[in-house]
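Reader: I'm new to this one and would like to go through it slowly. Could you show me what we are looking at?

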Amino acid sequence: MEPLVALVVVVKLAALVLGGVVSVLAYRAYRRTRIAGLQYFSVGLLVITLGTVLVGVFHHFLGVPTTMGMLLESVIVCAGFGVMIVGLYDG
């Protein structure tokens, strides 16, 4: 494995762990306060976190081209932010 690819894997794993921790903390805050916006925030952040990692998996294991991976990642990030916006307006 090339050093740069190994570094990308480490950073993606760190993003997965950190994003997961923030998502869990937001969900715990939702359960304590029952503020619906926090629930949407935790789900949106989880979508963004998992989407970012899945794009790396698609690229390295399924051979998805880089440009297609970037497009897929952007769509997933937009979906996650969309969930967060819904929570801010409706929550």
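Author: Let me begin with a term that we will need: a contact means that heavy atoms lie within 4.5 Å. With that in hand, please keep in mind that this is a predicted model, and that residues 24 or more positions apart account for 59% of the contacts in the protein chain with a separation of 6 or more.

Reader: Okay, and what does the secondary structure come to?

Author: The protein chain has 3 helices and 0 strands, and reading along the sequence gives the pattern α-α-α. Taken along the principal axes, the C-alpha atoms fill a box of roughly 45 × 20 × 15 Å.

Reader: Where does UniProt place the "transmembrane region" feature?

Author: An unreviewed UniProt entry places that feature at residues 6-28, 40-62 and 68-89. In the model, residues 6-28 are 100% helix and 0% strand, with the end C-alpha atoms 33 Å apart, while residues 68-89 are likewise 100% helix and 0% strand, with their end C-alpha atoms separated by 31 Å.

Reader: How much of the chain counts as buried?

Author: Of its 91 residues, 22% count as buried. The protein chain exposes about 6300 Å², and carbon and sulfur atoms supply 76% of that area.

Reader: Which residues make the nonpolar surface patch?

Author: The patch, of about 580 Å², is made by L46, L50, L54, V57, F61 and L62. To take one of these, L50 is found in helix α2, which covers residues 36-62, and L50 counts as partly exposed because its relative accessibility is 40%, which falls between the 20% limit for buried and the 50% limit for exposed.

Reader: Changing topic, is S23 buried or exposed?

Author: S23 counts as buried, since its relative accessibility is 6% and buried means under 20%. S23 lies in helix α1, residues 3-33.

Reader: And what does S23 touch?

Author: If residues up to four places away in sequence are not counted, S23 touches S42, L45 and L46.

Reader: How many salt bridges does the structure hold?

Author: The structure holds 1 salt bridge. E73 forms it with K12, and the closest N and O atoms are 3.8 Å apart. E73 lies in helix α3 (residues 66-90) and K12 in helix α1, so the pair ties together parts that are 61 residues apart in sequence.

Reader: Why can side chains like that pair at all?

Author: In general, side chains of opposite charge can pair when their charged atoms come close. For this pair, the cut-off is a side-chain nitrogen of Lys or Arg within 4 Å of a carboxyl oxygen of Asp or Glu, and the 3.8 Å between the closest N and O atoms of E73 and K12 meets it.

Reader: What else is K12 in contact with?

Author: Leaving aside neighbours within four places in sequence, K12 is in contact with T52 and V53 as well as E73. A polar atom of the K12 side chain lies 3.2 Å from the backbone oxygen of T52.

Reader: Last one: how far is K12 from V83?

Author: Their C-alpha atoms are separated by 22 Å, and the two residues are 71 residues apart along the chain.

How values were computed: Residues are numbered from 1 along each chain as its sequence is written. This is a predicted model: local features need pLDDT of at least 70, side-chain atom pairs count only at pLDDT 80 or more; totals for chains, interfaces and linings use all residues. Side-chain values use heavy atoms; hydrogens and water are left out. UniProt positions are given in the numbering used here, feature names are shortened, and annotations may be inferred rather than shown by experiment. Helices (H or I, at least four residues) and strands (E, at least two) are DSSP runs, numbered from the N terminus. Patches are made of residues with over 30% relative accessible area and no salt bridge: like charges are joined within 9 Å, nonpolar side chains (Val, Leu, Ile, Met, Phe, Trp, Tyr) within 5 Å. Accessible areas come from the Shrake-Rupley method with a 1.4 Å probe; for residues, only the protein chains shown count as cover. Buried means under 20% relative accessible area, exposed over 50%, partly exposed in between (1.4 Å probe, protein chains only). A polar contact is a pair of N or O atoms within 3.5 Å; within protein, one must be able to donate a hydrogen and the other to accept it, and residues adjacent in sequence count only if both atoms are side-chain atoms.
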